[in-house]
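Read the following walk through a protein model with the sequence and the 3D view side by side. Each stop takes up one part of the chain.

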Amino acid sequence: MSRAVRFQRHGGPEVLALADVAVGDPGPGEVRLRHTAIGLNFIDVYHRTGLYPVPALPSGLGGEAAGIVEAVGEGVTGITVGQRVGYATVPHGAYAEARVVPAERLIPLPDGIDYDTAAAVLLKGMTAEYLIRRTYPVQAGQTVLFHAAAGGVGLLACQWLAHLGATVIGTVGSEAKAAIARAHGCHHVLVLGEGPLAPRVRELTGGRGVPVAFDSVGRDTFLESLDCLAPRGTLVSFGNASGKVEPFDLGLLATRGSLYLTRPSLFTYVATREELVASAAA
């Protein structure tokens with residue numbers, strides 16, 4: 001048996017409950033893992049509230065953890081009993097002491113990465129990787145807008161962008177978060193709610209706007225993000241922290257300069273074993 005967090009209906013934190021669940025032995029292509037650290041992510045809130053529906057209720061929660069392999073099923077190669085591994089793209093249920101997971105979704109941990117770091121960084125780190133290297137490959141010399149710059153993904157992405165030679169305009173929700181963002185890669189930090197966003201971004205870019213905006217806030221910033229873009233710029237909308245983006249007229253993309261819009265997901269960008277391993281390695 002294993003203790004695990006379960007929920008039988010969508011709602012606030014009060015719907016979560018600790019339960020004893022049977023783990024069992026791994027089947028073909030599976031591994032039984034004893035967790036040593038569990039990652040918490042904003043997407044867990046989406047699943048709990050029902051914004052992102054889970055396959056069925058009752059359900060487990062959480063998709064990121066690290067631990068030690070206890071048993072391997074038939075046909076598993078490259079993963080051995082006693083090995084240190086982490087994961088970030090498996091079915092819900094990481095909030096548990098132990099569980100059975102698909103072996104192909106596991107990432108062997110390098111010796112220099114401890115369990116806590118692995119459980120905290122894989123999902124957010126791979127999100128940063130696919131956003132700035134594959135959804136919109138940012139180049140040195142470009143100026144980019146990144147919302148929620150002091151959040152989990154933002155802290156990693158903004159440091160990475162600065163390392164690539166980009167100029168980073170980050171947005172945050174408070175002055176306290178502004179200091180955090182400045183210390184982690186942002187060259188300019190704008191506090192949301194302190195006046196319209198687009199004029200401030202255009203002032204920082206000589207009136208041009210940015211070629212790309214990365215927006216995980218959603219409903220509250222969507223139209224402002226479009227207004228921050230240069231002609232033929234790209235809005236990468238990858239989250240809904242303020243709620244789902246309302247339906248809108250596609251003509252807005254034309255009138256604002258033949259803009260591009262994409263709504264990517266990490267799970268699409270690491271769908272194959274090869275993509276998963278490469279993203280985690282990066």
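Ser258 sits in the loop that joins helix 7 (251–255) to strand 14 (260–262). Helices (H or I, at least four residues) and strands (E, at least two) are DSSP runs, numbered from the N terminus. The model is predicted, so local features need pLDDT of at least 70 and side-chain atom pairs count only at pLDDT 80 or more, while totals for chains, interfaces and linings use all residues. Residues are numbered from 1 along each chain as its sequence is written, and side-chain values use heavy atoms, with hydrogens and water left out.

Ser258 has a positive phi, near 55°, although it is a residue other than glycine. With 45% relative accessibility, Ser258 counts as partly exposed. Buried means under 20% relative accessible area, exposed over 50%, and partly exposed in between (1.4 Å probe, protein chains only). Ala148 also has a positive phi, of about 55°, and is not a glycine. This residue, Ala148, is found in the loop between strand 9 (143–146) and helix 3 (152–164), and its relative accessibility of 31% makes Ala148 partly exposed.

Another loop, between helix 1 (42–49) and strand 4 (59–60), holds Pro58. The peptide bond that leads from Leu57 to Pro58 is cis, with omega near 0°.

Next come the pockets. On a 1 Å grid over the protein atoms alone, a pocket is an open set of points with protein on both sides within 12 Å along at least five of seven lines, where a 1.4 Å probe fits; lining residues have an atom within 4 Å of a point. Grid points are joined across faces, edges and corners, and a volume is the space filled by probe spheres set on the points.

The largest pocket has a volume of about 720 Å³. It is lined by 32 residues, of which Phe42, Tyr46, Val153, Ser216 and Phe238 are the closest to its centre. Helix 2 gives the most to this lining, four residues. By class, the lining of the largest pocket has 18 nonpolar, 11 polar and three charged residues. Here Ala, Val, Leu, Ile, Met, Phe, Trp, Tyr, Cys and Pro count as nonpolar, Asp, Glu, Lys and Arg as charged, and the others, Gly among them, as polar.

The second largest pocket has about 420 Å³ of space. Of its 17 lining residues, Val121, Leu122, Ala280, Ala281 and Ala282 are the closest to the centre. Helix 2 again supplies the largest share, here five residues. The lining of the second largest pocket divides into 15 nonpolar, two polar and no charged residues.

What does the largest nonpolar core contain? A nonpolar core is a set of buried Ala, Val, Leu, Ile, Met, Phe, Trp, Tyr and Cys residues joined through side-chain atoms within 4.5 Å. The largest one has 35 residues, and those with the most contacts inside it are Leu131, Val138, Phe146, Leu161, Val172 and Phe214. Helix 2 gives the largest share of this core, seven residues. In soluble globular proteins, nonpolar side chains tend to be buried together.

Leaving aside neighbours within four places in sequence, Phe214 is in contact (heavy atoms within 4.5 Å) with Leu131, Ile132, Tyr136, Val138, Val144, Leu145, Phe146, His147, Val236 and Phe238.

Helix 2 also holds Asp116, which is exposed, with a relative accessible area of 55%. Asp116 and Arg256 are 140 residues apart in sequence and 44 Å apart in space, C-alpha to C-alpha.
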